[in-house]
Amino acid sequence: MIRVGQEAPSFALPGAAAGRFDEHGLVEYTGRGWTVVLVFYPFDFHPACTDQWCSLRDADWLTTLDDVVVLGVGADGVYAHGEYALQHDIGFTLLSDTDGRVARAYGVLADEFEGHRSVPERATFVIDPDRVVRFAWSADGPDDQPDMGALREAATSHHDGEHATEDVDGSV
């Protein structure tokens, strides 16, 4: 798994956002000086993933910062992502990593998950505008959630010149 302090691998993937389907890349956001909260998850409609997305959706601070964007990376296609976002009122961009190449680059590609091969594990990273990882977390089990306080600190630390340095490992 990519660690705090390492450079985040660049990527571009098709995604669903607000009923539109477009390509989104990491540099598109970091190049604007934004911090990226990158959330990997196996599948739309999986109960653990839905809990995770609803927690992020309900974290008001994520939607009030002008220079922080949340990108989800899952194994499903953009049409499933679009329907999932609609049904659960998820206002974040959900990207399709159907071949697992981005999850592999971040070190969070599961060999097998509930009978499916090559899907992302549940993991969250905060990437600063310089593409440096400031927070890294992966789930140990289906009920695990990232520490929202530590996530918030890492996502907002560039506002005051501080840099969060938190690795939270689960099953890597």
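**Figure 1. Lining of the largest pocket in a predicted model.** By class, the lining holds five nonpolar, three polar and four charged residues. Here Ala, Val, Leu, Ile, Met, Phe, Trp, Tyr, Cys and Pro count as nonpolar, Asp, Glu, Lys and Arg as charged, and the others, Gly among them, as polar. The model is predicted: local features need pLDDT of at least 70, side-chain atom pairs count only at pLDDT 80 or more, and totals for chains, interfaces and linings use all residues. Residues are numbered from 1 along each chain as its sequence is written, and side-chain values use heavy atoms, without hydrogens and water. The lining comprises 12 residues; Phe113, Arg122, Ala139, Asp140 and Gly141 lie nearest the pocket centre. Strand β6 (residues 109-113) gives the most, with three residues. The pocket volume is about 190 Å³. (A pocket is an open set of points on a 1 Å grid over the protein atoms alone, where a 1.4 Å probe fits, with protein on both sides within 12 Å along at least five of seven lines; lining residues have an atom within 4 Å of a point. Points are joined across faces, edges and corners, and the volume is the space filled by probe spheres set on them.)

**Figure 2. The largest nonpolar core.** This core has 25 residues, of which Phe11, Leu38, Phe40, Tyr106, Phe125 and Ile127 touch the most other members. (A nonpolar core joins buried Ala, Val, Leu, Ile, Met, Phe, Trp, Tyr and Cys residues through side-chain atoms within 4.5 Å; buried means under 20% relative accessible area and exposed over 50%, with a 1.4 Å probe and protein chains only.) Two or more residues come from each of α1 (26-30), β3 (35-40), β4 (68-74), α5 (101-105), β8 (123-127) and β9 (133-138). (Helices are DSSP runs of H or I, at least four residues, and strands of E, at least two, numbered from the N terminus.) Beyond its neighbours within four places in sequence, Phe40 has contacts that include Val73, Val102, Tyr106 and Phe125. (Contact: heavy atoms within 4.5 Å.) A second, separate core of 24 residues includes Val37, Leu56, Ala59 and Ala154.

Figure 3. In α4 (residues 78-88), Val78, His81, Tyr84 and Ala85 are buried. They fall within an arc of 120° seen down the axis, so they line one face of the helix. (The arc is that of the directions from the helix axis to the C-beta atoms.) Their cover includes β1 (12-17), β2 (20-25), α2 (47-57), β4 and β5 (93-96). On the other side, Tyr79 and Leu86 are exposed. Just after α4, Asp89 takes a positive phi of about 55°.
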